[in-house]
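User: Hello! I am new to this structure and would like to learn how its features get their labels. Could you walk me through it?

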Amino acid sequence: MPEPAARARSRGLFSRLRSVRARLLAIALLPTLIIMPAVLALVVTWWTRQFDHLLISKVAGDLTIARQYLDRLMERSDETLHALGDSVAFARVAQAGTGDGDGAAMADFLDARRRAMGLDFLYLLDPQGRRIAASPPSAQDGAAAPLWLVERRALDGQASTQIDIFGPDQLARLSPELAARAHIALVPTPGAVPTARDAEDRGMVVQSGTPVALADGTRTGALVGGILLNQNLDFIDTINDLVYRPGSLPEGSAGTATLFVDDVRVSTNVRLFEGRRALGTRVSQEVRVAVLGEGRAWLDRAFVVNDWYISAYEPVMDSKGQRIGMLYVGFLEAPFLALKRASLAAVGIGFLLVALIASPVLLRWAAGIFRPLEAMNATIAQVEAGTLSARTGVAATSDEIGRVAHHLDGMLDLLQQRDAELRRWTQELDRRVAARTAELKAANAELAATQRQLVMSEKLAAIGEITAGVAHEINNPVAVIQGNLDVARDVLGPAAEPVRTEFNLIDQQVHRITIIVSKLLQFARPAEFAGHLEPVAPSEVIGDALLLVQYLLARGEIEVVRDETATCLVLMNRVELQQVLINLMVNAAHAMPQGGTLTLRTRDAAHNGRAGVSIAVADTGPGIAPEHVARVFDPFFTTKPQGGDKAGTGLGLSISFTLVDRAGGTMSLTSPRGQGAAFAVWLPEAEAAAAWGG
């Protein structure tokens with residue numbers, strides 16, 4: 001071969017080898033040194049933004065919880081004041097007379113009720129807006145004064161609750177103690193709007209008003225009560241405990257809550273130093289302009305007293321729709337920043353370590369690929385040229401490329417065999433597809449059954465709504481009956497004495513209707529009556545439940561046996577416990593269509609070393625089959641027939657089990673064959689600290 005031709009061929013081979021190497025090096029190093037850093041930078045940027053967004057979302061949710069608690073405080077104030085105005089005790093005192101000039105009996109009654117209800121003031125207005133009885137006594141001066149919106153609405157016959165700002169003179173008129181509590185010296189705060197004031201002496205008050213009937217029954221007065229939120233530490237600490245429970249924030253962070261009058265902290269758990277609360281400090285000018293000036297919520301980091309916090313502020317509106325203050329929640333930002341920096345540092349260090357270790361290994365692996373690839377390329381070229389006997393000649397090695405080169409020689413001989421195998425695999429795939437199709441049909445059938453159960457559940461929910469509506473409609477004629485009966489007594493006077501027994505009987509029956517309607521509303525709309533866990537007596541809840549299912553028991557001629565010896569109170573929401581007992585009683589009644597005995601038993605019992613109460617509901621029906629006992633608490637499982645007035649949805653026991661488990665209790669079933677069924681509910685005892693601590 002001439003030397004120039006040999007040199008040209010060598011240069012071409014070298015060029016090809018160099019090209020393969022370049023591509024392999026690019027494949028090996030570009031992802032590690034260029035693409036991965038770029039992707040990592042994008043991911044880190046996205047993660048940082050999501051992390052910050054998550055913090056803002058969390059503090060927004062915290063603010064929602066705080067606002068809901070403030071709204072609930074207003075609702076509870078309205079409900080308790082309305083209940084006091086409608087109470088028999090108030091009517092008795094009012095009938096004794098509040099227009100005799102002194103109102104001493106009414107003042108004593110209001111003082112006792114104010115203390116029991118946790119109000120800061122409580123007073124009674126006559127139709128002209130004058131205070132005729134008040135607690136504390138200093139709130140009664142008998143002089144007419146400009147009326148608040150809640151007072152005007154109450155005198156017009158409409159109950160309402162509002163938040164308003166009381167000036168120092170108005171607070172002193174209610175009680176000098178309230179005026180003193182509202183007075184807070186201002187603390188110089190960096191970044192706050194400059195002010196010449198040295199103290200905040202206005203008070204933010206939640207006040208409620210409700211119309212009441214006075215002594216003669218023809219005049220409408222107003223019962224007004226309220227709570228001063230300034231330095232109300234129980235209020236602000238309860239918000240903080242609700243929003244930032246132990247373990248909800250990383251170690252080193254702390255959650256805070258604050259109520260502002262204008263831009264001054266009047267109730268807060270933010271600390272200055274040595275545990276002193278930051279009362280009298282003020283919000284930054286930037287936050288003040290956004291929240292009080294523009295009326296929008298602030299969801300961002302903010303400097304709070306002496307550190308940066310992830311903060312949420314929203315304006316508090318008074319009865320005139322004016323912005324009078326702010327509600328704030330937030331948590332310390334520093335631990336989250338440290339966590340974010342540590343995460344980013346860990347990712348960066350990890351990437352560098354991976355790059356330093358991976359690059360030499362990848363280069364070595366790329367070098368081991370050149371020779372087998374060149375041999376396979378030459379073999380394929382020979383086969384394409386017609387030399388079917390061509391082989392790579394590469395010995396089998398432990399890496400994939402070497403094994404591929406070694407087995408390439410047998411590929412032509414095995415092609416027909418692989419084709420046959422592929423055909424068999426196709427048949428097997430068809431068989432499996434058919435099997436999966438059958439399984440999908442069965443799953444669809446089960447889904448259809450579940451959908452039918454959900455439709456039934458929706459029907460039950462509609463029945464609950466109808467029941468609640470009927471209950472509300474019953475309340476109106478009952479109120480008319482009671483009112484006309486009172487009018488008849490007043491008109492007849494001594495002439496009503498011959499029918500006093502009949503009038504008392506009507507009073508009793510109207511009261512009974514009121515109780516039944518109240519319990520029916522609690523059962524039909526438990527979400528409106530359900531609150532936090534509270535200590536309840538099981539016997540009282542059993543009595544309430546029996547009142548609601550009495551019609552069903554009487555219709556089935558079922559005898560009720562009550563054996564109640566429990567002395568402990570249990571810690572569970574009263575409405576949820578009532579729902580569980582009603583469900584068990586209804587199931588027991590359905591199990592005894594020909595009559596029988598329903599046994600209700602309570603005992604003080606310990607479970608796993610914890611004190612509590614065991615509640616048993618047992619019937620004398622046919623019992624539950626052994627194969628069904630393990631499934632009775634499963635959702636949508638029912639042994640009742642479909643259709644008819646006793647059709648089951650399979651949700652009652654599942655919901656009851658969930659409610660009991662959420663309260664920290666247990667629920668079990670024993671059903672000897674042919675001897676009825678007995679459901680046992682165990683609930684923990686309500687300890688004083690757990691019951692009343694928050």
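User: Which residue is the bridge partner of Thr 670 in β19?

Analyst: Welcome! This is a predicted model, and in it Thr 670 is bridged to Ala 678 of β19.

User: Which sheet do β18 and β19 belong to, and in what order do its strands come?

Analyst: They are part of an open sheet of five strands, ordered β14-β16-β17-β19-β18, with mixed pairing.

User: Why are β14 and β18 said to stand at the edges?

Analyst: Each of them, β14 (558–564) and β18 (666–670), has a single partner strand, so one side of each has no neighbour in the sheet. On average, neighbouring strands of this sheet are turned by 20 degrees against each other, direction ignored.

User: Which helices go with this sheet?

Analyst: Helix α15 (residues 574–590) packs on it, touching β14, β16 (596–607), β17 (610–618), β18 and β19. The direction of α15 makes about 30 degrees with that of β17. Helix α17 (residues 652–662) lies across β18 and β19, running at about 135 degrees to β18.

User: Which residues of α17 are buried, and what do they pack against?

Analyst: The buried residues of α17 are Leu 653, Ser 654, Ser 656, Leu 659 and Val 660. They pack against α15, β18 and β19. After α17 comes Gly 664, with a positive phi near 85 degrees.

User: What is the strand order of the sheet that contains β8?

Analyst: That open sheet has five strands in the order β9-β8-β12-β11-β10, and its pairing is antiparallel. Its edge strands are β9 (264–268) and β10 (298–304); each has a single partner, so one side of each lacks a neighbour in the sheet. From one strand to the next, the twist averages 35 degrees.

User: How do you know that β8 and β12 pair?

Analyst: At least two bridges are needed. Strand β8 (residues 255–261) and strand β12 (residues 323–332) have seven bridges in the antiparallel sense, so they count as paired. Within this pairing, Ala 257 stands opposite Val 329 in β12.

User: Which helices pack on that sheet?

Analyst: Helix α7 (residues 233–243) touches β8, β9 and β12, and its direction makes about 140 degrees with that of β8. Helix α8 (residues 285–293) touches β10, β11 (307–317) and β12, at about 130 degrees to the direction of β12.

User: Which residues touch the most other members of the largest nonpolar core?

Analyst: Those are Leu 124 and Ile 239, in a core of 53 residues. Helix α1 (residues 3–86) supplies the largest share of this core, eleven residues. Leaving aside neighbours within four places in sequence, Ile 239 is in contact with Ala 66, Tyr 69, Ala 257, Leu 327 and Val 329. Apart from this core lies another, of 41 residues, among them Ala 545, Leu 548, Val 617 and Leu 659.

User: How many aromatic pairs are there, and why is the pair of Phe 121 and Tyr 123 called stacked?

Analyst: A search of the whole structure finds eleven. For Phe 121 and Tyr 123, the ring centres are 6.0 Å apart, within the 6.5 Å limit, and the planes meet at 15 degrees, under 30, so the pair is stacked. Ring pairs also link Phe 121 and Tyr 123 with Trp 148 and Phe 166 into a cluster.

User: What makes Phe 260 count as buried?

Analyst: Buried means under 20% relative accessible area. Phe 260 has 0%, so it is buried. Tyr 313, at 0% relative accessibility, counts as buried too.

Methods:
Residues numbered from 1 in each chain as written. Predicted model: local features only at pLDDT ≥ 70, side-chain atom pairs only at ≥ 80, totals over all residues. Heavy atoms only, no water. Helix = DSSP H or I, 4+ residues; strand = E, 2+ residues; numbered from the N terminus. Axes fitted to C-alpha atoms, helices over the stretch in contact; angles between N-to-C directions. Contact = heavy atoms within 4.5 Å. Core = buried A, V, L, I, M, F, W, Y, C linked by side-chain atoms within 4.5 Å. Buried < 20%, exposed > 50% of the residue type's maximum accessible area, 1.4 Å probe, protein only. Phe/Tyr/Trp six-rings, centres within 6.5 Å; stacked < 30°, edge-to-face > 60°.
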